[in-house]
Every structure is written in C-alpha cells, then in structure tokens.
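Reader: I would like to learn how to read a model of this kind step by step. Could you take me through one, giving the general idea before each case?

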Protein chains: 2
Amino acid sequence: MSNITLKKIAEELKLSPSTVSRSLRDSHEISQETKDRVRALVAKLDFQPNPHASSLRKNKSKTIAVIIPEIENNFFVQVLNGIEEIAQKNGYHVLIYITHENYQREVDILHMLRSGRVDGIMISVASSTTNFEHLTAYVELGVPLVFFDRVCEIMDAPCVTTDDAQAAFEATEHLIKTGCSKIAFLSLDGNLSISSRRRSGYLEALKQYGLLNNKIIVECCLDDEATRQKIRSLFLRENKPDAIFTAIEKFSITTYEVCKELQIKIPEQVKMISFSNLTAASLFNPSLSAIIQPAYGIGRESADILFRLIDRKKLLPTQKKVIIPSHLVIRESSPVQQIVL
Amino acid sequence: MSNITLKKIAEELKLSPSTVSRSLRDSHEISQETKDRVRALVAKLDFQPNPHASSLRKNKSKTIAVIIPEIENNFFVQVLNGIEEIAQKNGYHVLIYITHENYQREVDILHMLRSGRVDGIMISVASSTTNFEHLTAYVELGVPLVFFDRVCEIMDAPCVTTDDAQAAFEATEHLIKTGCSKIAFLSLDGNLSISSRRRSGYLEALKQYGLLNNKIIVECCLDDEATRQKIRSLFLRENKPDAIFTAIEKFSITTYEVCKELQIKIPEQVKMISFSNLTAASLFNPSLSAIIQPAYGIGRESADILFRLIDRKKLLPTQKKVIIPSHLVIRESSPVQQIVL
DNA sequence: CTGTTAGCGCGTTCAA
DNA sequence: TTGAACGCGCTAACAG
C-alpha cells in the first residue's frame, strides 16, 4: 500500500489536510487555484485516499455484497455480470460470496456482513434455506437488501425475478401441444419460492388440459449421482414419461446423459425442455428447447434498485417487485413440427 | 450497520476496550473467565467489530481482488470458484473486477487498488494488454500479486498456468494422427503469453510431422460477428482446412454454428478440437473433443500462493511458476477410430 | 492479567 | 477561502 497520505500532500503544498480533502471532493469553498495545485500533486504522486479511513469516517464502504448459491451456473454468472456492470458505473466494489446451497454458510455470511463491511446486499437464497431470521435480522439493521431470482416474498425487501410460473406454464403447454401427456417435472428440492412458482405453472398447464392425474414431480438435490439415479428410475418405471421438463439447467444435462446411457432417443421417445441460460444449448444433440431467463437484466435491475436504496432515493412503485419476462426458445428436443393438437 | 462497539461492550462489562479486543482475538494474556464473559455478551448482542476501523489500524483489509478479463467463460468461473473456496477458508473476502478485455479498465482497477483496499491481487490479464507498467507499479508497492492463466512472465510475480504448449501439441498431434493435414488454429488476437504458448505447441506438432507449410493461423477478436466472418471465409477459401483447433471455448461454439449454417459436417468434413471447460461439451452434436484445463485447481493453487505471500511465508521453489497439466478428452468431433498413421 | 494512552488517515465541525 | 481540532472504532505499546 502506498504510504502517501492527505497529510503529506498538505505538508508538501503548505496547506492543511482539510483543504486538501475538500479540494479532492471538489468543495465549492475552495478556490480554483488551490484545487488545481492539489490535483496536480495528487496526480503526480498517484495518491489514492485510504478507503478504510474514509469508510470509517463516513460510515460508507462503497462496497456491496453479492451472495449466490452457486457459481457454476450460467444464470448466476450472467446476473453477476450485470451487477458488476452497474456497480462499476456507480463507483462501487463487489464482494462475492458463494453459499454452495448451504444454509449455515448463508447465515454466517449475513452475520458477518452486519459489521458495516458493505453498504448493501444482493442475494439469491440457498435451496436449503427455510428459515429467514438471518435475513430479517439483517434488514432490521437498516442496511439495504435486494433479492433476485430466489426471493423471500414474505420479507419487506425488493425482489427481482422472472415470470417463472408463466414461463413454466408455456413450456408445459408447448409440450402438451406437441402431443405429450406424461410430462415429468424435475425440480430442485427445498422450499424455494422459485421452485413452487415453476411447479405451479407446470401444474396449471396440466390442469387446463385435463392432465392433472398424469403429473410426475421429481425433486432432485444437488448430489449429481442421486439426481442421475432418480432420472434413471424415471425411465425404468412402469409408466414412462413422454417428456421431461427440468427446472434447473444442470438437471437437463444429467437427463441428456442418462438418455444417452439408456439409449433413449430425444425427442422421439422423450421430449425435453429446460430452464437454461446456456448459450451452447443450441449445439446439443438434439438442440435443447429452453426457457431463457433475462439474467443479465435481472442483475442490472436489482443492482439499480440496490443503489437507489443505498442513495436513499425513493423506489418507483414498480421497483418493489420487478418481474422481467423469460422467453421460450423451441429447438429440436421438443420440435414444433409434431404439433398434433 | 450495527452500532454496538467494542467500547460499549467494555463499558457494559466494566472492562477496558483493549481487554475486550484481546479477548476477541483469544489473546493468551486474558483470563479464561474474562474471555467467557466477553464472548457471552458479544454473542448476545451479536456484535461484529467494525472492519474499517480494524483495517485502518492494522493496515490489513482481509480482502483480496480477483481481476478477470471476462466472466461468461467456464474457465474463469471455475477458477473463481477455487479462489473463493480458499479465500473463505482463510477468512478472506473476495472483490471481483471484470475488465471485459479492456486494457484501460485494467489500468484503472490497478490504479484504484493502490489505496490499500486489498491485501493482494490475483489477475489474468486482458488480451489488449501489451504494456505492463500498471502491474509493475503495483508490485513495486510491495503488495502481493499472483498471475493465473494469462500471465506476464517478465515480471517477478508467481504465475499459475497450465501446460498450454504441451496440451496444444497433443491436440494437434491427435488431429494429425487421425489423418488431418490442414489444421487451422483459431487463436485470440493480442500478445497474450497463453496465445503464443498454444500457438507454439500447435506449430511444434506441425513441424514434427512435416506439416509446417500447411499452417493456418487465424487470429480472432472478441467481436462475435467478426469471428464468425473469419470462420466462414476459412471454409469458403480455396484450400479448406480439414480440422479446426480453437484456443478459446467461445470460438468452438461459433465454429459449430458456422458449420451448421454452411452445412459442413463434423467430423466427416472437418474435425474439431478446442480448449474448453464446458461440462456440456459432451452433449454437443457431435460431442466436442476438448482440452480441459484444471481451472478449479488453478484457482485454488494461485489463491494458496497469494495467501502465503500475504502471510509473508516463503514460497516453495515450485510455487514460483506452477504448471498444472490439462488433459485431452477425445470425443466424436475428432474420433480416434479413424487413426490412419 | 488488565488498564491507559495514543494513534491509524480521513472528513467534518467550528473558528478565523 | 482556509486551518485547527476532534473523533470514527479499533489495536498496539506501554504501564501497572
């Protein structure tokens, strides 16, 4: 760390530290000439004010925390990209924390962040999170918090999501229209708002088409091998599904792998559709029909909201609960040519 | 932010702030009884010491910065995952900065980080970076810096990479052995060490097999459309390549797309191999032969080294320049069944 | 074993 | 328009 300080700059220029400080913040009570002198020396010495001293004094860290359940997931990566973009524009720094879907880790992080290390938090909760005390406790402190994607609706904090139920409905409806009647829905276990929204979209479509009795819901966890086993048994059971709708990108990859292993042909024997933000989904064999979530937009929008909160600006009424639509891209895994209805 | 302070805890317990401070740091000069009393109240009040005050005092931020050229790339995501893991184990926080391959942004970030905001930096340089003054200036400050993947070898800082030349050699050799003689190499433009290492591995293989005259090197940039156009013209030219070897994951996706568009069959008309850490590469049509880089390991190893530097521990001689091997996974895009040599 | 004192570097009074 | 003085909250040095 550089050990030039405001004080040294002041001594060098025979000014007081406060004058230098004010010059740097472009205070109107400093003469242009003094400002120029200060700026010249500051530039020459490549001086950067000590952020810890400044944070301590101002009680502002110019830093936000982003808490995500996993990172090897295109969705969260794209969200992060959006957040970083907006943070940078606002002169903010971004701390990243990964919970790995672990509730305890989430609790620990939120606890640790009560120290004033950050000016605000953006979080997508872990799938194992069922209790929200760690979040309410944090919000009660008065520090801004924004939820994205995996939100906690009972809390009084802004949420940015996509229209999960609607998207799931459309995907299911599409499968039904291409002739499927036994559609299995693979969801992440746990009590996530997002899972229940997607599930209800799926169920609603079944209901509208009188297929509710055929519902097949499989709850998978993070353990890849366990998921694989569940998918296998899905194909080996009496009443095989004729379509698979996965709520999580990762599960669609596992499903493809299992189909390969069991020599089940997509889409001939089973159709596939998934929530996925994988750009390469179009290159799969067969290319994967996908619900593409507006991840980048979700990141930007939630960051925007967070900075409004940090700046104590009023939120627009629409910013309390933002819903950005996903869009469905039909590809070979659920070909539209076969529409029979 | 919570406004409980050490001082208040001290008053409450009728102790001095320093005693409380020492108790929290488990100093041996504090009685067990006092420690217990302090800890009880601290737990009860959910007190977290102010990190800015602590950082200011100790001149330590317990934070590192990770600077990467792009985030929508599996390699960097996996590296980041490894880094976060080790950082967390060491009780460190991770700031993330994305340069988007922009040299100026990289300079600005390094300049900003001269303030003491972080205790160390891990960086993979932008492709447009040709001048390293911003990095040397930083290192001269005495703050630890570790390069990973895209390193700057002329600098006196640890580097963690994979065996790019060797991996590129093996991939090229594999293509040659499956009967290819006109192998095009698609690389990222710019002066990256990594690009030249991969290129030299490619060239070395051509040389060993007497194919140097057939070399086809295409330098692509970040602009997706421009890359697409370059790949198209590669296929439309007189002397078409019979294999494509891409140094960057993204280029392989574009190549697949162009092949689809031009109805060129992989592997019948052109074989493909790529540096790629995409788990879904095995699901491509055809599945993509890939050089898989030890991204997670690179992240962990470089973080380990950084923390050794931060703790002023001596590096093992092997830690100055760490090379973790990649491995080649042959799939349908360059089938081994066709080996003719 | 515990307390007192003195800053870390900056920004904000208040005074000139 | 500028300067002096104080304190943000914590920790290290020095006493006791």
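Author: Let us begin with how the two copies are related: copies are superposed by least squares on the C-alpha atoms of residues with pLDDT of at least 70 in both, and here a rotation of 180° with 0.1 Å of shift along its axis brings chain B onto chain A, with an RMSD of 0.2 Å. That is the relation of a two-fold axis. This is a predicted model, in which local features need pLDDT of at least 70 and side-chain atom pairs count only at pLDDT 80 or more, while totals for chains, interfaces and linings use all residues. Residues are numbered from 1 along each chain as its sequence is written, and chains are lettered from A and ligands numbered from 1 in the order in which they are written.

Reader: How many residues of chain B are in contact with chain A?

Author: Two residues are in contact if their C-beta atoms, placed from the backbone, lie within 7 Å. By that rule, 40 residues of chain B are in contact with 40 residues of chain A. The same surface serves both copies, since 100% of the contact residues of chain B recur in chain A.

Reader: Which elements of chain B supply at least two residues of that side?

Author: Helices (H or I, at least four residues) and strands (E, at least two) are DSSP runs, numbered from the N terminus. On the side of chain B that touches chain A, at least two residues each come from H4, helix H5 (74-89), strand E2 (93-98) and helix H11 (249-262) of chain B. For residue classes, Ala, Val, Leu, Ile, Met, Phe, Trp, Tyr, Cys and Pro count as nonpolar, Asp, Glu, Lys and Arg as charged, and the others, Gly among them, as polar; this side of chain B has 21 nonpolar, 14 polar and five charged residues.

Reader: Which residues are the closest to DNA strand C?

Author: A residue is near a strand if its C-beta atom, placed from the backbone, lies within 6 Å of it. DNA strand C is surrounded by 25 residues, and the closest are Thr5(A), Leu6(A), Ser18(A), Ala53(A) and Ser18(B). H4(A) gives the most to this surface, with five residues, and by class the surface has eight nonpolar, 11 polar and six charged residues.

Reader: Which residues come nearest to DNA strand D?

Author: Around DNA strand D there are 24 residues, of which Ser16(A), Thr5(B), Leu6(B), Ser18(B) and Ala53(B) come nearest. The largest share of this surface, five residues, comes from H4(B), and its residues divide into eight nonpolar, 11 polar and five charged.

Reader: Which residues of helix H2 of chain B are buried?

Author: A residue is buried if 20 or more other C-beta atoms lie within 10 Å of its own, exposed if 12 or fewer, and partly exposed in between, with C-beta atoms placed from the backbone. In helix H2 (residues 17-24) of chain B the buried residues are Thr19(B), Val20(B), Ser21(B) and Ser23(B), and they pack against helix H1 (6-13) and helix H3 (32-45) of chain B. Just after H2(B), Asp26(B) takes a positive phi of about 55°.

Reader: Why does Ala126(B) count as buried?

Author: Ala126(B) counts as buried because it has 24 C-beta neighbours inside 10 Å. Ala126(B) is found in the loop between strand E3 (120-123) and helix H7 (133-140) of chain B. Leaving aside neighbours within four places in sequence, the contacts of Ala126(B) include Pro69(B), Thr99(B) and Tyr103(B).
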